Amino acid sequence: MSSGGSNLVRFVESVLGIFFGDSLSDSVVVIITTSFAALVGLTVLVLKRSSDRSIDVKPLVVPKSLSIKDEEDESEALGGKTKVTIFYGTQTGTAEGFAKALAEEVKARYEKAAVKVFDLDDYAMEDDQYKEKLKKETLALFMVATYGDGEPTDNAARFYKWFTEGNERGIWLQQLSYGVFGLGNRQYEHFNKIAKVLDDLLYEQEFSCVIDIGGKRLVPVGLGDDDQCIEDDFSAWKEFLWPELDQLLRDEDDVNASSTPYTAAIPEYRLVIHDPSIISVEDKFSNLANGNVSFDIHHPCRVNVAVQKELHKAESDRSCIHLEFDITGTGIIYETGDHLGVYAENSDETVEEAGKLLDKPLDLLFSIHADNEDGTAIGSSLPPPFPGPCTLHTALACYADLLSPPKKAALLALAAHASEPSEADRLKFLSSPQGKNEYSHWVMASQRSLLEVMAEFPSSKPPLGIFFAAVAPRLQPRYYSISSSPRYTPNRVHVTCALVYGPTPTGRIHKGVCSTWMKNAVPLEKSYECSWAPIFTRTSNFKLPADPSTPIIMVGPGTGLAPFRGFLQERIALKEDGVQLGPALLFFGCRNRRMDFIYEDELNNLVEQGVISELIVAFSREGPQKEYVQHKMVDRAAEIWTIISQGGYFYVCGDAKGMARDVHRTLHTIVQEQGGLDSSKTESMVKKLQMEGRYLRDVW
């Protein structure tokens, strides 16, 4: 055997922990080394595939011995501490912020608490893992928002579906003590529905156990109301929570723990200033997400605007935009009735005002980091940093919510960096429990934007690391009901958007971030230097019946027409394929046919083609009295009853606070009067329609 072969064999022996002896033939050496190389190659391949999240593979089944070892490691890592798990379901980041802030406060209050925070979607990779993992939880706190028409947030949808459809919860949640705080808006019909349902189901399991060792509801469900001051609601809920946690997380001899009031630290990113002459700034959006074509809120796709046109006539004093995004070759897919998320940018005017208030140059090149230079985490309450390096102009345009009213925590951060004592005192008062009414009136009711508030306190100049971590929330995508069908326009996604423009109580003209961007967008049909935006699609349950012959009723005034335009395009494609279509009634509403009858010619043509059976339009500003879609519904009460009582579908899209409520009441009245039912049976039938998926709403 050669010296090279001998050295290789010795290496293999050391790795495998075995001894082959000294007298090996060259052929045996070849066999040994080749086998070893193959084994190494196979190991590398397995590791690579397991680390590649873009490949859809089944998770490896962990041997029982390894699972036991993991449990032992976790138990050892706790070091005698009590595990506290905080979950969040968030759409705009508020629930996530509450969860992380709560974690920091629990850590500060209780030395024996080992706290972990989980995104509900990330907690379990597969649905069946939820049960196994939750079995091990003993103390869990849920921060969950309700979105849309009583729906879970995107990151809580999978967990919510699994949990609400599960059974025998009492058996595997026996050891759980829990609390639930909900985030919602009282103006909406299904106020905090997700939190209420979750709390009810957890409470049910407490009494479903045969043995009296069921889980324990620590506090009543918290009902945060974003229409007022949700931060105050959260603080009030926590005051109920602490005495309960004291019983679980404090020893009897721990007399010092409750003496010091907790003061939350102001979050701050580590800021790094870069030299623009040596640092290149990369495009922050790519058409490849996660290494494959899969786009979501965290991985949007940069897409060009192909078409932009005004839908209102010249006589109108308002504006409604039709926009088409060109998705050719992007891999973006959607279904009729889905939603489109659009990341728009703050206007240059807004960005320039923010730069002046911060007293920083807009061409400043910097990056923010959630860790120290040695790699240790700064704090768990920080949201993930946005991509960098980037200029301050880009950061303010793309990532900072500058026009919403600031939260109380933002006022505290501004107070900490106000050089004028009177301004600092005023900001502290507004953020305090004593200043609740003043905050509600001066900030919320007056709709003062963050920039307006900063202008009132000019001595406050927070560092950029604090401004982006604690003062300006992350700019969120705007969602729109897609107004097209992929069967009819496979390479385009259509949006129908009303311009948000009008005075606030302070006299400021509020311009909606995304609708203003759409109003000013330059389409590809007019210029190669066209506008573009990062977009992604989101699935919806707002779908046509599986059987195209099923009768449908659509109610959508104004831009509420959007998803129905997609429905009608779908019906065009089906009709062209020779499919038999059922009746379709469309109730549409606008102010005046000479001003804002959007898609008028298109809708009339669809009636002529038989895609729409009947178009019923309510004009609210043409006659001596205002007439809305619900009034037209009353006129067609018998026809509506016939359709829904014989298996038809009823759809509503539009404003949740006003129109959708009025339509719901009108539908209730029609069912009661036309069906000859009492109030209780009427309510049961309407709920049955909803449970069967035959009464669907896409409201905002």
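**Contacts.** I began with contacts (heavy atoms within 4.5 Å). Of those in the protein with a separation of 6 or more, 76% are between residues 24 or more positions apart.

**Ground rules.** I am reading a predicted model, where local features need pLDDT of at least 70, side-chain atom pairs need 80 or more, and totals for chains, interfaces and linings use all residues. Residues are numbered from 1 along each chain as its sequence is written, and side-chain values use heavy atoms, with hydrogens and water left out.

**Confidence.** I checked pLDDT, the predictor's confidence in each residue from 0 to 100. The protein averages 86, and 83% of the residues score at least 70. Over residues 209-214 the pLDDT is below 50, with seven contacts beyond near neighbours in sequence. Residues 288-292 also have pLDDT below 50, and there I found eight such contacts. Where pLDDT is low, the predicted coordinates should not be read in detail.

**Burial.** I used relative accessible area with a 1.4 Å probe and protein chains only: buried is under 20%, exposed over 50%, partly exposed in between. Buried residues make up 46% of the 700 residues.

**Fold elements.** I took helices (H or I, at least four residues) and strands (E, at least two) as DSSP runs, numbered from the N terminus. The protein has 23 helices and 23 strands. Strands pair if DSSP finds at least two bridges between them; β1 (residues 82-89) and β2 (residues 113-119) pair in the parallel sense over seven bridges. Thr85 has Lys116 in β2 as its bridge partner. With helix α4 (residues 94-109), β1 and β2 make a right-handed β-α-β unit, meaning that, with the strands pointing away from the viewer, the path from the first strand over the helix to the second runs clockwise.

**Salt bridges.** I counted a side-chain nitrogen of Lys or Arg within 4 Å of a carboxyl oxygen of Asp or Glu, and the total is 37 salt bridges.

- In α4, Arg109 and Glu105 lie four residues apart, about one turn of the helix, and their side chains meet at 3.3 Å, N to O. Arg109 is partly exposed at 23%, whereas Glu105 is buried at 7%. Lys238 is linked with both in a network of salt bridges.
- Lys407 forms a salt bridge with Asp226, the closest N and O atoms being 3.2 Å apart. Both sit in loops, 181 residues apart.
- Glu614 and Arg636 form a salt bridge, with closest N and O atoms 2.7 Å apart. Glu614 is in strand β21, Arg636 in the loop between α20 and α21.
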